[in-house]
Amino acid sequence: MAFVSSGYNPAKPMENRITDIGPRHFSEFLPPVIAKNKGKWLWHEIVEPGLLMHKAEGGDEVYTVRCGGARLMSVGHVRALCAIADKFCGGHLRFTTRNNIEFMVETLEEAKKLKEYLNAQKFDGGSHKFPVGGTGAGITNIVHTQGWVHCHTPATDASGTVKVVLDELFEEFGQMRMPAQVRISMACCLNMCGAVHCSDIAILGYHRKPPIIDHEWLDNLCEIPLAVAACPVGAIRPTKKEIVTEKGETKTVNTVAIKNERCMFCGNCYTMCPSLPLSDQTGDGLVIMAGGKVSNRISNPKFSKVVVAFIPNEPPRWPTLAKTIRQIVEAYASDARKYERVGDWAERIGWERFFEKTGLEFSEHMIDDFRDPAYYTWRQTTNFKF
Amino acid sequence: MAMIEFKGKNFEIDEDGFLLKFEDWGPEWAEYVKESEGISEITEAHQQILDFLQDYYKKNGIAPMVRILSKSTGYKLKQIYELFPSGPGKGACKMAGLPKPTGCV
């Protein structure tokens, strides 16, 4: 398309420049009933899956219909959301911290009509556009990352794996039959953008091969001390090396050497240095973690723990991943007590029972070997079950 | 990677306009970069920051942290932004011929 200026003048970049204005204040966008009753809510209930009611001091009610979102959305899709908000909610809507979409109305009839309408909307391929659910003790949206759509350090794809898992568990999104809400998160490398380290079930992109060193370019593109300092296990050291360049010249360059037997494939050095790529089609895959949470309800917040050391990348439908997640969810749903999160359940029955009930395989990969704190994760007691 | 020519000199650059090889740096490079970085003229203050960045990189193999740049040159971050509107990384480091900043930027 031909260039269309916004009015910005590249010859005078600082002229008429507006800066440091921050985000719009949320109060500009509140539905009238929310603005009126802000800070005066008395109680709430989940009327049915995907439908909440909040009661205010003065007797006002607001009904919230929550529907799933793919997070990665086109403008066309956002406009479709706006059209629904215009039609049912006076032009107001909000997004949740798990990227679901919430529409608010003032009566139950409107809410039920809206829910029915949302559930009827489909994409051409047959997928629900706005499936209603995500409330109470069910399985809500999956917090995820960029994957192969946009990032340069992923070991797997985010949007793809999430679509697979949510297809597999779809009926749980519109139901509340779990012992407690199950938070599933996904990160495409162990930078762990998002919530994988603190989720009931977490899917994590994982490498299994050390970086490939582009000696010819490393000193030009990288700040070598940063690459050395990026390594959590001291596997990288600076060195000089004689190489033959692409053009056939022989020269000695500053570069790094990596002790492969010390490397655990975290990819941090590649983040700091473009000459150390490590992604690999067959090496890369997924790790599953379980048992994390952020709330203080009954038990303190927990980190999630590794329960599956490796699942291969199987695009586009990742069948092993879908099966394994389902296996964990089913074992938890049938065995845990009411209000128990996955981590509460695993810690009560003991992790050896967790592996038994879920049918997952325990291997040496699960045993912590990272520095002094690893010791505290081993069992300093005779209290265990056969 | 693109090759550009400016005042009879050749520079190999990446898609963000960073110099691929520090040893290719010459005063012409700063002249070439300044326009895209919103700088009309390279003043003494600009030069002082460029010189410090280059010395620090030659000595330590890394770009200085922002606090070190500030403390060593005496320019506060605000003043650095006045000199280099894109900031110390994208503006000053690029002009000084240092490698592109990496990490989650």
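Start by selecting helix 9 of chain A, residues 319-335, and pick out A:E330 and A:R326: both sit in this helix, four residues apart, about one turn. Helices here are DSSP runs of H or I with at least four residues, strands are runs of E with at least two, and both are numbered from the N terminus. The two side chains form a salt bridge, with the closest N and O atoms 2.8 Å apart. The term salt bridge covers a side-chain nitrogen of Lys or Arg within 4 Å of a carboxyl oxygen of Asp or Glu.

A word on what you have open: this is a predicted model, where local features need pLDDT of at least 70 and side-chain atom pairs count only at pLDDT 80 or more, while totals for chains, interfaces and linings use all residues. Residues are numbered from 1 along each chain as its sequence is written, chains are lettered from A and ligands numbered from 1 in the order in which they are written, and side-chain values use heavy atoms, with hydrogens and water left out.

Back to the pair. Is A:R326 buried or exposed? A:R326 is buried, because its relative accessible area is 16%, while A:E330 counts as partly exposed at 30%.

A:D335 is partly exposed at 27%, and so is A:K357 at 40%.

A:D280 is in the loop between helix 8 (268-272) and strand 10 (285-290), and A:K209 is in the loop between strand 7 (201-206) and helix 6 (215-221), 71 residues apart. Over all chains, the structure holds 30 salt bridges.

Now go past helix 11 (351-358) to A:W378, in the segment after it. A:W378 is partly exposed, with a relative accessible area of 42%. Select A:F362, A:I367, A:Y375 and A:Y376 too: with A:W378 they make a nonpolar surface patch of about 610 Å².

A:E361 is also in the segment after helix 11, and at 66% relative accessibility A:E361 counts as exposed. Which residues does A:E361 touch, leaving aside neighbours within four places in sequence? They are A:V307, A:F355 and A:M366, with contact meaning heavy atoms within 4.5 Å.

Last stop: the open sheet. Five strands of chain A lie in the order 1-2-3-5-4, with antiparallel pairing; two strands pair if DSSP finds at least two bridges between them. At the edges are strand 1 (41-48) and strand 4 (94-95), each pairing on one side only. Six bridges join strand 1 to strand 2 (residues 51-56), and A:W41 stands opposite A:A56 in strand 2.

Key:
Patch = residues over 30% accessible without salt bridge, like charges linked within 9 Å, V, L, I, M, F, W, Y side chains within 5 Å. Areas by Shrake-Rupley, 256 points an atom, 1.4 Å probe, with all protein chains shown as cover. Buried < 20%, exposed > 50% of the residue type's maximum accessible area, 1.4 Å probe, protein only.
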